[in-house]
Amino acid sequence: MIARGTLGSLLVLLGGLVTATLPASTPVLRIGTLEALRAHEVGRMTGLVVVLVGLGLLANAWLRLCRTVAVGERETTDPVEGVALARFAAIVWTAPLMLAPPLFSRDGWSYAAQGKLAEVGLSPYVVGPGALAPDTFLPLPGWITGPPIVQAVDPLWWDTATPYGPVPVFLGAIVAGITGNPWILVIAHRGFALIGLVLLAWAVPRLAAWGGANPAVATALVIVSPLMMANGVAGLHNDLLMVGLMAAALVVAVERGWAWGAVLAGVAAGVKVPGGLVAVGIVLVSLPVGADLVARLRRLGAVGAVSVGTLVGLGVATGIGNGWLRALTVPGEVNTPLSATTLVGGVLDWLALHLGLGTEPALFRDLVRALGLLASLGVGALVGLRWPTGSRRTALAAVATVGSAFVLLSPVVHLWYFLLLPPFLATQRLPRHATGALVAVSVLLGLVAPLDSSLHGAYYAIVIGCMTVALLLPVLLLTPPARERLARIVAPLAPPLVTKGYSTKTGAGTPG
């Protein structure tokens, strides 16, 4: 099981070297075999299949891991040992991917360039990575001349400011002051992301004790799922650090006080703005049972003040500033097929065009997007002002609900946005069908990671990739052994009050 997952990670690394966008000047491109594979379409398609097979092996190993740590009728597993096994799997399966370039997305190269901008005294909230190479040009789409630090940056973001908070930019600037090698920089950024994975490994068993879930199964479902390995680790996205801070904020709010939790919520928002959504859970869990509206509003104001104060203070203390708030609309420049509001608005724009209504292009898209954001804010307000207080289980459900509303109604949704949800869903005692859906979606979102928008119209790759995924999914989820494993995973896995090794009172580990 562990060896199979490790082999899968190695295949993802090797295949990724063939398929990933790399700086044109990187020495690894001078390796004869790799150069030949990348130069021919058959070689690139072979690399894509190798990546997908690797992800399939990871998914298979993960499903076996979940079954192993589950407490079932014929098999009992000490939850403390199960948590340790899941954490060990995370370490071993992550290790090969540490050295990989950013896979399935070029965002990691943008992170490196943004850190370099801050290091040389240019604000990434004012200029884009192109400012590092003012004399360069783009003769052909996707081919960029200039210094190595910008050669692999997606042309779409060449001249755009970053919408990310001061935390990743400041950390990137520190490393950029040591080296200008873009590969070393993206490895460092992956290290920053993995801080989030460590925080999840610490927080999830405690959250699971609150929600009455099996801490071992919850840990396995969150930190080593195909969704996490493909999009959080291999994909190298700031969302992983953000969600790790969110989970830690909720735990700290209970164990150390709401003010410290609010500080961590502000730090999470300092990575990406949605990290601040955990403040709703902090408000609910920190109030006594039956708190009235006035008490809720006061606590909401206090938590908000501490979180926003931390967020603004980070911009000032690091010297990065808070100009990123002006760049929050940058992601909206693209249309993503996973955004429900974008799809609905696009259909309405298409109908308006063919009905001859004479409306402006993208009028309904922008309108529906705005309504979606307002609706998600409304969900957050309703949860914070109406849901029961003083309950840890309710706080978990609150963060899951608010986070789900944000992801489903967001104007832009990428695969890695879904990383926000598992820590607050898997730690609850969900019905069988809900747990089964979480497992299936985690497998699916992991396998389709290479088919994200980074392919940019590579039709053969999309066809080959879809065919491979279509072959892998039934094997992983629909064969008799797969259905048996899934049935064991989704069975009731933990008593509602106390699970050996983890107390629902504190969520902390206990001897034994």
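**Exercise 1.** At roughly what angle do the axes of helix α12 (residues 258-269) and helix α13 (residues 278-286) cross?

*Solution.* The model is predicted, so local features need pLDDT of at least 70 and side-chain atom pairs count only at pLDDT 80 or more, while totals for chains, interfaces and linings use all residues. Residues are numbered from 1 along each chain as its sequence is written, and side-chain values use heavy atoms, with hydrogens and water left out.

Step 1. Helices (H or I, at least four residues) and strands (E, at least two) are DSSP runs, numbered from the N terminus.
Step 2. Axes are lines fitted to C-alpha atoms, for helices over the stretch in contact, and angles run from 0 to 180 degrees between N-to-C directions.
Step 3. The axes of α12 and α13 come within 10 Å and cross at roughly 175°.
Step 4. This makes α12 roughly antiparallel to α13, since angles under 35 degrees count as roughly parallel, over 145 as roughly antiparallel, 65 to 115 as roughly perpendicular and the rest as oblique.
Step 5. W258, G261, A262 and A265 of α12 make the contact with V278, I282 and S286 of α13, where contact means heavy atoms within 4.5 Å.

**Exercise 2.** Describe how helix α2 (residues 32-39) packs with helix α3 (residues 41-69).

*Solution.* 
Step 1. The axes of α2 and α3 are 5 Å apart, at an angle of about 100°.
Step 2. The two helices, α2 and α3, are therefore roughly perpendicular to each other.
Step 3. On α2 the contact is made by L37, R38 and A39, and on α3 by E41, G43 and R44.

**Exercise 3.** Is A90 buried or exposed, and which residues is A90 in contact with, leaving aside its neighbours within four places in sequence?

*Solution.* 
Step 1. A90 is part of helix α4 (residues 79-98).
Step 2. Buried means under 20% relative accessible area, exposed over 50%, and partly exposed in between (1.4 Å probe, protein chains only).
Step 3. A90 has 6% relative accessibility, so A90 counts as buried.
Step 4. Leaving aside neighbours within four places in sequence, A90 is in contact with I223 and V224.
Step 5. From C-alpha to C-alpha, A90 and V224 are 5.5 Å apart, although 134 residues separate them in sequence.
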